[in-house]
Amino acid sequence: MTRVAVLGGGNWGTAYAAVMADAGCTVRLWARRAEVADEINRTRVNSAYLPELTVPEGISATSDSAEALADAEIVVLAVPSQSLRDNLAVWREQLPADAPVVSLMKGIELGTGERMSEVIADAGGVDPDRIVVVSGPNLAHEIAAQQPAAAVVASASPRARARVAEASATGYFRPYLGNDVVGTEIAGATKNVIALAVGMASGMGMGDNTMASLLTRGLAETARLGTALGADPQTFLGLAGVGDLVATCASPLSRNRTFGYKLGSGMTLAEVTASTTQTAEGVKSCESILQLAQGAGVDVPIVENVAAVVHEGRSPRDVVGALMSRARKHEGH
Ligand SMILES: NC(=O)c1ccc[n+]([C@@H]2O[C@H](COP(=O)([O-])OP(=O)(O)OC[C@H]3O[C@@H](n4cnc5c(N)ncnc54)[C@H](O)[C@@H]3O)[C@@H](O)[C@H]2O)c1
Ligand SMILES: O=P(O)(O)OC[C@H](O)CO
């Protein structure tokens with residue numbers, strides 16, 4: 001039985017820990033708050049994040065990261081993207097030497113513009129060959145309910161990605177293998193921003209034509225940016241691209257879509273921020289993605305306009321006008 005450490009006992013960390021336990025692994029789940037770890041061990045419930053899930057017996061929780069990481073053969077990281085570097089400052093010395101390190105995170109670091117695998121290599125001292133990215137249409141509550149879904153498991157190392165895929169394969173979770181780490185991460189982070197835009201449109205009362213137009217043009221700008229950064233264009237047609245974009249933009253379970261919906265329905269940014277304790281990664285990542293795009297000379301109008309709403313206080317209605325009145329262009333450009 002593979003020994004796994006999952007660091008992050010929130011929505012996705014807990015659901016993915018359950019996937020790995022169901023795949024036959026022994027999992028230690030690190031929760032930041034001791035009361036969350038205690039509750040999981042005592043009652044098999046994580047009431048703050050996934051109250052509907054009966055946490056499998058193969059999972060034991062702890063708030064001590066050294067205990068979680070001791071002897072781990074696979075390490076999985078599932079914390080908010082902007083907190084990863086600080087967390088790694090503590091975990092760096094505790095990470096086992098040879099274990100694959102899996103990123104479940106979908107964000108770009110503010111300030112550095114680094115993808116999560118770059119932060120893991122840089123702040124965690126992890127060889128890029130050991131890093132694996134898991135991404136796809138994986139809303140945590142649906143996975144916790146064991147509804148069938150697929151994901152891409154991407155790594156430069158064939159051995160690392162095969163090991164992680166094997167340790168995450170269940171009757172309801174189907175991993176596909178990939179080698180495009182850049183594309184997988186750019187797709188995962190950028191779809192959150194597109195979901196904010198779709199949520200805003202929906203909150204303003206707009207329907208499916210608007211959603212499909214945003215989704216399609218959002219995919220075009222994501223692929224443009226990813227390709228400029230070295231990604232394989234095919235990745236954007238796969239699970240981490242179209243797959244995750246469709247799930248996130250369509251689902252009321254998405255925190256990013258919901259955040260956008262509240263803005264579109266007239267709440268102020270301060271009101272929306274105060275109304276949720278959930279992680280909506282796109283709110284911060286839109287700024288870092290915009291900077292990446294500007295650095296690469298790539299036009300990302302939807303990301304730019306979402307950033308204008310969440311960072312400059314522009315109204316969602318204004319940005320619809322701005323997007324609709326852009327200079328006409330060829331669809332393929
Ligand atoms: N929830 C999903 O459906 C889902 C699915 C796929 C990917 N993801 C990605 O996984 C990552 C984690 O998402 P999540 O849904 O588990 O988030 P979450 O907010 O539900 O949980 C985050 C966890 O990280 C911990 N944490 C550690 N350091 C922290 C800090 N400094 N600030 C805040 N929390 C801190 C929290 O205590 C919590 O246990 C995100 O990048 C997200 O985009 C989420
Ligand atoms: O709830 P969101 O918006 O963070 O989306 C969750 C997942 O990334 C969907 O795959």
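Trainee: What distance separates the centres of domain 1 and domain 2, taken over C-alpha atoms?

Mentor: Quick housekeeping before that: this is a predicted model, where local features need pLDDT of at least 70 and side-chain atom pairs count only at pLDDT 80 or more, while totals for chains, interfaces and linings use all residues. Residues are numbered from 1 along each chain as its sequence is written, and chains are lettered from A and ligands numbered from 1 in the order in which they are written.

Now, the centres of domain 1 and domain 2, taken over C-alpha atoms, are 24 Å apart. Domain 1 covers 3-179 and domain 2 covers 183-324, with bounds that come from an automatic or database domain assignment. Where they touch, domain 1 puts in 24 residues and domain 2 puts in 25 residues; contact here means C-beta atoms, placed from the backbone, within 7 Å.

On the domain 1 side, the elements giving two or more residues are α5 (116-124), β6 (131-135), β7 (149-155) and β8 (173-178). Those labels are DSSP runs numbered from the N terminus: helices are H or I with at least four residues, strands are E with at least two. β7 gives the most to that side, with 4 residues. By type, that side of domain 1 splits into 12 nonpolar, 9 polar and 3 charged residues (Ala, Val, Leu, Ile, Met, Phe, Trp, Tyr, Cys and Pro count as nonpolar, Asp, Glu, Lys and Arg as charged, and the others, Gly among them, as polar).

Stepping back, the chain has 15 helices and 8 strands, and its C-alpha atoms fill a box of roughly 55 × 40 × 35 Å along the principal axes.

How values were computed
Contact = placed C-beta atoms within 7 Å.
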